[in-house]
Amino acid sequence: MAAAKLYLVVVMVVLGIISNPVSADPDLLQDVCVADPTSGVKMNGFACKPSFNASDFFFDGLAKPGLTNNTMGSKVTPANVEKIPGLNTLGVSLSRIDYAPGGLNPPHTHPRATEMVYVLYGVLDVGFITTANVLVSKSIKKGETFVFPRGLVHFQKNNGKDPAAVIAAFNSQLPGTQAISATLFTAAPPVPDNVLTMAFQISTKEVEKIKSKLAPKS
């Protein structure tokens, strides 16, 4: 009798694992579910539009370089479900990232996706930091790829004298991005100064200075 109960428990656990495969986004249950961002229905993802056409699956925003004349010298152009409604429930998206000479895509994370970059041109120094605080880094050039595991802090830096660009692929329709510095120093409501001063071992004056530098430009 005990053996039979144990067998039943094992079967239930196995069935639970099989019926809940590990993936970045939920699996689709129909051919397409084109996102309807105007829907008042709140759900994990977007409600489906009642009708769709080819434009819901099209985006030309990655065809040309993004403007990099900003503080970081880089520009991320996303091609996710917010730009391509047809990606809803499909679990994939892309971005184009352009870097001026010396440009940086600052340390950040994607809480919902692993990222793989393919270098279109230029040379980049890239890396991610493990939860054991180990830096994994490499210099990559045109035609090469590099993977950033889901949720880990990572960056890309163009240390060359020429522009660089990559196409980034994600296993989520909306991977999300949290830039470490901006998240901590420009949150609204703000992270308390006494949290930041203790965490970074800096003064309140230095915290305010960093906040002023990172504040969105109006």
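Predicted model: local features only at pLDDT ≥ 70, side-chain atom pairs only at ≥ 80, totals over all residues.
Local features here need pLDDT of at least 70, side-chain atom pairs count only at pLDDT 80 or more, and totals for chains, interfaces and linings use all residues. Residues are numbered from 1 along each chain as its sequence is written, and side-chain values use heavy atoms, with hydrogens and water left out.

I begin with the disulfide. The structure holds one, a disulfide being a pair of cysteine sulfur atoms within 2.5 Å. C33 is joined to C48, with S to S at 1.9 Å. The link is left-handed, with -100 degrees about the S-S bond. Both C33 and C48 sit in the loop between α1 (2–19) and β1 (74–79), 15 residues apart; helices (H or I, at least four residues) and strands (E, at least two) are DSSP runs, numbered from the N terminus.

Are the two cysteines buried or exposed? C33 is buried, at 6% relative accessibility, whereas C48 is partly exposed at 37%. Buried means under 20% relative accessible area, exposed over 50%, and partly exposed in between, with a 1.4 Å probe and protein chains only.

I turn now to the largest pocket. On a 1 Å grid over the protein atoms alone, a pocket is an open set of points where a 1.4 Å probe fits, with protein on both sides within 12 Å along at least five of seven lines; lining residues have an atom within 4 Å of a point. The largest pocket has 35 lining residues, and V76, N105, P106, T177 and A179 lie nearest its centre. β1 supplies the largest share of this lining, five residues.
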